[in-house]
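I hope they are handy to have beside the viewer.

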Amino acid sequence: MTARSNSAANRDIEYHLHPYTNARKNEHEGSMIMERGDGVYVVDDQGNRYLEAMAGLWCTGLGFSEERLVKAATDQMARLPYYHSFAQKTASPVVDLAEKLVEMTPPQLTKVFFANSGSEANDTAIKIVWYYNNALGRTEKKKIISRVKGYHGVTIAAASLTAMPYVQTGFDLPIANIIHTGAPHHYRFAKEGESEEAFTDRLAQELEDLILSEGPDTVAAFIGEPLQGAGGVIVPPESYWAKIQAVLKKYDVLLIADEVICGFGRTGQMFGSETFGLKPDMMTLAKQLSSAYAPISAVMVSDPIYQAVADSSDKLGSFGHGYTYGAHPVAAAVALETLKIYEEREIVSHVQTVAPQLQEGLRRFQDSPIIGEIRGIGLIAAAELVADKAGKTPFDPIGKVGAYFTARAQAHGVIFRNLGDSIAVCPPMIITEAEIDQLLEGFAAALAETEAWVAEQGLAAVA
């Protein structure tokens, strides 16, 4: 073994297996070590300061230094650092948070189950759907439909929903009873000359055909993000969700709204379901629920689902599902304080106020010869880089140019994330107009350097 210095970066290489990372590449290059946060900024162990234009992983809605959340955690730790919700026990912050979430979410959602991550929430949603249909004697109605480019997590079941190769290849996924339908990305998947209305008609018909081919008595639920996040920030056409929900209702298929990224103001309404007109039977929440200061997630369920689950638990003696750290009192206290801050500071109104500056600012780059589409809503957006603008031709290999772009942006003090060659933007929701200007300046600098590099490398013709 080669001797290394005792720096954090070298010890990280020595001991840490990173998620979503090329392990061999990390051995050679190492990782950036973050030391502290300040509002929308983070600072690494070399003292470099970055505007975090991805809110970490789409999650730190209140930025990286909200003292009220720190106090909420420490106060709860001093009072009751841990308890569980098994066997008719719980802690008071959990009760308060459950009540608050039921008040905030759509009225048909009447109960909440707590977990620790978006992946766990979506995994739990699948189990509840199966338990529900078993309780009703519909033992064959178990298949779950998700969409191409949907992202729902990385547990075995959630990764099966996540219809992207990098999550499934090498893991023997997807599992049985998970099936997929098309993504509502008109730019990338519409046929030549196909309008958005015709495109959504076709997607709705394809969904109906899928349900009929599988057998309506075997299809239990459809899960979708109101706006697809990690798949490339895919904003659905205006009529998409109305047409999809009509098909689901026709065949008694439950709708699960994955609000893990969209929830709590990100799209300009409290929930993406409001922005896009969803009426879900279940809703999964995480990330901005606690502004990521403590791990917590939630599954909201409608009363008919709860009643069937409750009857079955009475018959079987227990609802045999739960997590040691689910409904953790510290995480619940932090989440509750987060929701109070969102209301007191009118975060949704703030998003509505500053979002046009971000969206319009990014769209000023639409004429770049390597940008095919800029899309987004609220404080979430993406710019898709292409080799041929007229033909919408992707770069080959996908991801190389996007990685170069994000590296150059980072050199200019702004952290974006490339989803293949789509550059994602999702800053903390507290971002100011001056900070949006800085974000856009970093984008512009990285784009200019990427255009020059692409031309130099012969990856595309750049005038």
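**Notes on the predicted model**

1. A search of the whole structure turns up 14 aromatic pairs. Rings of Phe, Tyr and Trp (its six-membered ring) pair if their centres lie within 6.5 Å, and planes under 30 degrees apart count as stacked, over 60 as edge-to-face and the rest as tilted. Take Y404 and W453: their rings are stacked, 4.1 Å centre to centre with 5 degrees between the planes. Y404 belongs to helix 16 (residues 400–411) and W453 to helix 17 (residues 433–457), so this pair ties together parts that are 49 residues apart in sequence. Helices here are DSSP runs (H or I, at least four residues), as are strands (E, at least two), numbered from the N terminus.

2. How exposed are the two partners? Y404 is partly exposed at 24% relative accessibility, while W453 is buried at 15%. Buried means under 20% relative accessible area, exposed over 50%, and partly exposed in between (1.4 Å probe, protein chains only). Elsewhere, F113, Y131, F319 and Y323 form one aromatic cluster.

3. A word on the ground rules. This is a predicted model, in which local features need pLDDT of at least 70 and side-chain atom pairs count only at pLDDT 80 or more, while totals for chains, interfaces and linings use all residues. Residues are numbered from 1 along each chain as its sequence is written, and side-chain values use heavy atoms, with hydrogens and water left out.

4. Now the overall build. The protein chain has 17 helices and 15 strands, and its C-alpha trace spans about 70 × 60 × 50 Å along the principal axes. Buried residues make up 54% of the 463. Among contacts (heavy atoms within 4.5 Å) between residues at least 6 apart in sequence, 68% join residues at least 24 apart.

5. Please look at two peptide bonds. Most peptide bonds are trans. The bond joining L173 and P174 is cis, with omega about 10 degrees, and P174 is found in the loop between helix 8 (165–168) and strand 6 (178–181). The bond from D396 to P397 is also cis, with omega near 0 degrees; P397 is in the loop between strand 12 (380–385) and helix 16.

6. K287 is partly exposed at 25% relative accessible area, and A292 is partly exposed at 37%.

7. Lastly, S422. S422 lies in strand 15 (residues 422–425) and is buried, with a relative accessible area of 6%. Leaving aside residues up to four places away in sequence, S422 touches R375, A383, E384 and R417.
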